[in-house]
Amino acid sequence: AAGSGARLLHHEEVAVPAVATCASTGKALPPLRIFASGWLARSKGGRLSNVAGCDLLLTHEPPKGMLDSFERDGQIMTFGREVEEDLLASIQKLAAEKQAPKVAAFGHIHEASGILTGHSGVPSMAFVNCAMANDGMRAHSIKKPFRIVDF
């Protein structure tokens, strides 16, 4: 809303000033670096080139294999696509270079809401599907808990 101070990020980074201090040193914590992209599928070419060293990666879609599937009527439903494979490969490359974000947060798959840590390809990251809406294609109510990640 106008005047709210909210800002829509589309394939860009922002640094959020710290509002806390380190308990052991008393020094101000560094700013939180956030890289956000609403639809990576529409952001071709160098899509994660600016993500190296950021703290939080926000995307609409999950990386392939990261909280992107669920069971319905006894069948596993998976929504991995080429874009999500590219996203996971990019994250794994950053992890190999010790430049991966601390947290990747996304939504899109309402039924797979949750937190995944310790994945073999990127063990230092937390993957958070923070979808809170009801299951199914049409969101009409908030049915899931908030997700809190300490990093």
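The helices (H or I, at least four residues) and strands (E, at least two) named on this tour are DSSP runs, numbered from the N terminus. This is a predicted model, in which local features need pLDDT of at least 70 and side-chain atom pairs count only at pLDDT 80 or more, while totals for chains, interfaces and linings use all residues. Residues are numbered from 1 along each chain as its sequence is written, and side-chain values use heavy atoms, with hydrogens and water left out.

**Colour by confidence**

Begin by colouring the chain by pLDDT, the predictor's confidence in each residue, from 0 to 100. The protein chain averages a pLDDT of 76, and 77% of the residues score at least 70. Confidence is highest in β6, at a mean of 89, and lowest in strand β5 (residues 75–78), at 76. Where pLDDT is low, the predicted coordinates should not be read in detail.

**Select the core**

A nonpolar core is a set of buried Ala, Val, Leu, Ile, Met, Phe, Trp, Tyr and Cys residues joined through side-chain atoms within 4.5 Å. Buried means under 20% relative accessible area, exposed over 50%, and partly exposed in between (1.4 Å probe, protein chains only). Select Val51, Leu57, Ile91, Val122, Met125 and Phe127, which touch the most other members of the largest nonpolar core, a set of 20 residues. At least two residues of this core come from each of α1 (82–96), β6 (103–106) and β8 (122–129), and α1 gives the most, with 5 residues. Another core, of 6 residues, lies apart from it, and its members include Ile34, Leu56, Ala105 and Ala126.

**Select β7 and β8**

Next, show strand β7 (residues 114–119) together with β8, which pair in the antiparallel sense over 5 bridges; two strands count as paired if DSSP finds at least two bridges between them. A hairpin joins β7 to β8 through 2 residues, and the bridge partner of His119 in β8 is Val122. From C-alpha to C-alpha, Ala96 and Val122 are 8.2 Å apart in space, although they are 26 residues apart in sequence.

**Select Lys102 and Asp55**

Which residue forms a salt bridge with Lys102? Lys102 forms a salt bridge with Asp55, and the closest N and O atoms are 2.7 Å apart. The term stands for a side-chain nitrogen of Lys or Arg within 4 Å of a carboxyl oxygen of Asp or Glu, and the structure holds 1 salt bridge. Because Lys102 lies in the loop between α1 and β6 and Asp55 in the loop between β2 (32–37) and β3, the pair ties together parts that are 47 residues apart in sequence. Lys102 is partly exposed, with a relative accessible area of 40%, whereas Asp55 counts as buried, at 10% relative accessibility.

**Select two loop residues**

Most residues other than glycine have a negative phi. Lys98, however, has a positive phi, near 60°; Lys98 sits in the loop between α1 and β6 and is exposed, with a relative accessible area of 74%. Leu67 also has a positive phi, near 55°, and its place is in the loop between β3 (56–59) and β4 (69–72).
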